[in-house]
Amino acid sequence: MTDVKVECVQGDIAAQPDMDAVVNAANAHLMPGSGVAGAIHDAAGPGLAQECQALAPIDPGQAVISSGHNLPNRYVIHCLGPVYGVDEPSDKLLADCYRNALMLAEQYQLSSIAFPAISTGVFGYPVREAASVAMAAICEKLPDLGSVRHVRLVLFSDADRAVFQEALESAPLSGGKL
Ligand code: AR6
């Protein structure tokens, strides 16, 4: 059994002051956008986009790390989720986002990380499918985590929170690798 805390909460990804890192549902150029990318860049200030210029572009499934600027978090981990039905295989690419973000958090010795529901907004991934991919990817990684002790999923609506909570409760702790 793992003692990493995994939780699903309803809230704003840009307002998670107790987390070492928040994850951005980014675009390939790591520029401000709508939804999560808008909230994170607005709260971080223009220094974030400036720093990101040197890290872009990124590919679907990839994750890169920057500092948090005016956010209450030390770091932002930027992931490019798959556009549903376009970037294939979507499930593997979405799982890669979660796995690669967790690996970066480990590399930086972080103890806590908060994720939004990557790809479920502008990129069109159905929430129920995205929740089961996300939770399977996270749960599969739990035994490998050393520094990371707390993983939070931050869902914008309470309906999405309930879907992610259900997926967490039925996620396999191992196997079912994508
Ligand atoms: N906190 C938490 N979740 C949020 C927030 C917030 N402040 N705002 C929206 N969500 P999206 P994507 C939810 O579109 O699908 C951007 O323009 C939202 O309800 O932010 O990966 C980028 O620039 C949805 O469930 O990310 C890219 O071009 C989820 O977060 C593109 O959109 C993800 O929605 C990325 O699209």
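These legends go with a few close-up views of a predicted model. Residues count from 1 along each chain as its sequence is written, and side-chain values use heavy atoms, with hydrogens and water left out. Local features need pLDDT of at least 70 and side-chain atom pairs 80 or more, while totals for chains, interfaces and linings use all residues.

**View 1. E2 beside E4.** Residues 21-25 and 75-79 run parallel, joined by 5 bridges. Look for Val22 opposite Val76.

**View 2. Around Val151 in the largest nonpolar core.** A nonpolar core links buried Ala, Val, Leu, Ile, Met, Phe, Trp, Tyr and Cys through side-chain atoms within 4.5 Å, buried being under 20% relative accessible area with a 1.4 Å probe, protein chains only. Val151 is one of the residues touching the most other members of this 43-residue core. Beyond four places in sequence, its contacts (heavy atoms within 4.5 Å) include Val4, Leu102, Ile113 and Phe115.

**View 3. H4 against H5.** These helices (DSSP H or I, at least four residues) pack at about 45 degrees, axes 8 Å apart; axes are fitted to C-alpha atoms over the stretch in contact, and angles run from 0 to 180 degrees between N-to-C directions. Among the contacting residues are Ala131 and Met135 of H4 and Val163 and Phe164 of H5.

Terms used
Pairing = 2+ DSSP bridges. Helix = DSSP H or I, 4+ residues; strand = E, 2+ residues; numbered from the N terminus. Buried < 20%, exposed > 50% of the residue type's maximum accessible area, 1.4 Å probe, protein only.
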